[in-house]
Amino acid sequence: MLQQLFADGKQNLSLRFPDLIMPMSALDEAYSRMKKFVLAYSGGKDSTAVAILLYKWVLEKKRRDLEVVVLHNDTLSEIPPMETWARMFIEEYSRKLSELGVLVRSEITIPPSTETFFWRVFVRGYVAPTFNFRWCIKLLKIKPTKDSLNRYKDYMMLVGSREDESPFRARSMKLKFGSCAKKASCLGAYLTNDNDIPKVAPIRFWSTDDVWSFLRSQGYFDVRPLEELYAIYGARYGCWHCTLIKAQLALYLNERYLPVEALRVIYRAVSDISGLRELKKKGYSNLGPLNTMGRTIIFRLIPIVENMIGEKFFYSLDKSKLDRYTLREVFYELPEKEADEIIKKYDNGRAVPIGLLRNEEKLDDKTLRAVEDQAKKIAEINHLNPEIIKLIRELLSRLYY
């Protein structure tokens, strides 16, 4: 789909402009209920389309008594170029919308340092998420957003959800927003009070082609950088370490970031090996967090991957702080005793001495070969590029010596 969509940069300019009657009417209805909108902006094509649709609506309806909060959640695990685009658009969008007389504020939520990927894996030993243990979604996305929303009252949330995204999303939207026999003709099918939060999904019935047609035809904002991101990095925004998907296309379709994709697969493999897990007595499994060796493998691969791609890709290490130090300084640079003292202040007893993670001695060959075999199986089952398998082997070989 993506290859066809972007094979010719001009071929899709002729896509039909989507019908805006019902989406604009949905915004009218939302406005009649609330005078404050919270725009859930991820930076992807759908939330960008909703943002620009709202701008067009304000411009045409000349609403001056509206307040808009542009709410963006940065998990601190995003692919850096995509997060850069999101923040650039938010800045321009907020400025242009305020010029129309709307009271606009932007808010970027981030998880606390002790709930980031690196703290949870290195200090608490969190394994790769599964559908039964989706810790990342809760800690990196839902909780920071909810904490922010709790400060607002009497608002309508604008979301970019579309039924066309997937069969799962279609079922979910029918459950939350209701069904509509004539699809786009039912105004009520655009609004819901899901979890007591009033929401409007103005592009619910748009296809992917509708979204791109609107983005290319709207004329208010330059979305060519977004098009380039989708053409180069793939069709999915999200955390680099997500293991709930077969492939992180945002990494897989960019050769420079393939080592990060290999690391993602290794993280899944390490989590699957019982010998790299601690045992526990409660829960749906007797396997608990990663043990020292499991954490060490991921810990030592982080700087290796960054050196391979030539940039500090894992920006959470530099943006998250404990006391006056960044996580990168705490985990990799401070003297061991000082780093352990800082970690101990925020840990409940699951940390291991930082010196054990930093230890540069050769790791156990047998364990590393087991990780390589498991990672290779994961890559083959998910039909990943053979280059990923080569990179898995190369990364792990750096730990042999």
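**Close-up views of a predicted model**

**View 1. A salt bridge between Asp 318 and Arg 328.** Asp 318, with a relative accessible area of 29%, is partly exposed. Arg 328, at 8% relative accessibility, counts as buried, because the cut-off for buried is under 20%. The two side chains meet in a salt bridge with an N to O distance of 2.7 Å. This pair links distant parts of the chain: Asp 318 sits in helix H13 (residues 316-319) and Arg 328 in helix H14 (residues 327-333), 10 residues apart. A search of the whole structure finds 29 salt bridges.

**View 2. Arg 169 and Glu 165, a salt bridge between partly exposed residues.** The closest N and O atoms of this pair are 2.9 Å apart. Relative accessibility is 27% for Arg 169 and 36% for Glu 165, so both count as partly exposed.

**View 3. Helix H11 crossing helix H18.** The axes of H11 (residues 258-272) and H18 (residues 386-397) come within 9 Å and cross at roughly 75 degrees. The two helices are therefore roughly perpendicular to each other. On the H11 side, the contact is made by Leu 258, Pro 259, Glu 261, Ala 262, Leu 263, Val 265 and Ile 266. H18 contributes Glu 387, Ile 388, Leu 391, Ile 392, Leu 395 and Leu 396. What kinds of residue make up this contact? They divide into 11 nonpolar, no polar and 2 charged.

**View 4. Ile 297 in the largest nonpolar core.** This core has 121 residues, and Ile 297 is among those with the most contacts inside it, along with Phe 37, Tyr 93, Trp 240, Ile 266, Phe 314 and Phe 331. Leaving aside residues up to four places away in sequence, Ile 297 touches Ile 266, Val 270, Leu 276, Leu 363, Leu 368, Val 371, Leu 396 and Leu 399. Another core, of 12 residues, lies apart from the largest one and includes Val 38, Leu 71, Met 173 and Phe 177. In soluble globular proteins, nonpolar side chains tend to be buried together.

Note on methods
Residues are numbered from 1 along each chain as its sequence is written. This is a predicted model: local features need pLDDT of at least 70, side-chain atom pairs count only at pLDDT 80 or more; totals for chains, interfaces and linings use all residues. Side-chain values use heavy atoms; hydrogens and water are left out. Axes are lines fitted to C-alpha atoms, for helices over the stretch in contact, and angles run from 0 to 180 degrees between N-to-C directions. Helices (H or I, at least four residues) and strands (E, at least two) are DSSP runs, numbered from the N terminus. Angles under 35 degrees count as roughly parallel, over 145 as roughly antiparallel, 65 to 115 as roughly perpendicular and the rest as oblique. Contact means heavy atoms within 4.5 Å. Ala, Val, Leu, Ile, Met, Phe, Trp, Tyr, Cys and Pro count as nonpolar, Asp, Glu, Lys and Arg as charged, and the others, Gly among them, as polar. A nonpolar core is a set of buried Ala, Val, Leu, Ile, Met, Phe, Trp, Tyr and Cys residues joined through side-chain atoms within 4.5 Å. Buried means under 20% relative accessible area, exposed over 50%, partly exposed in between (1.4 Å probe, protein chains only). A salt bridge is a side-chain nitrogen of Lys or Arg within 4 Å of a carboxyl oxygen of Asp or Glu.
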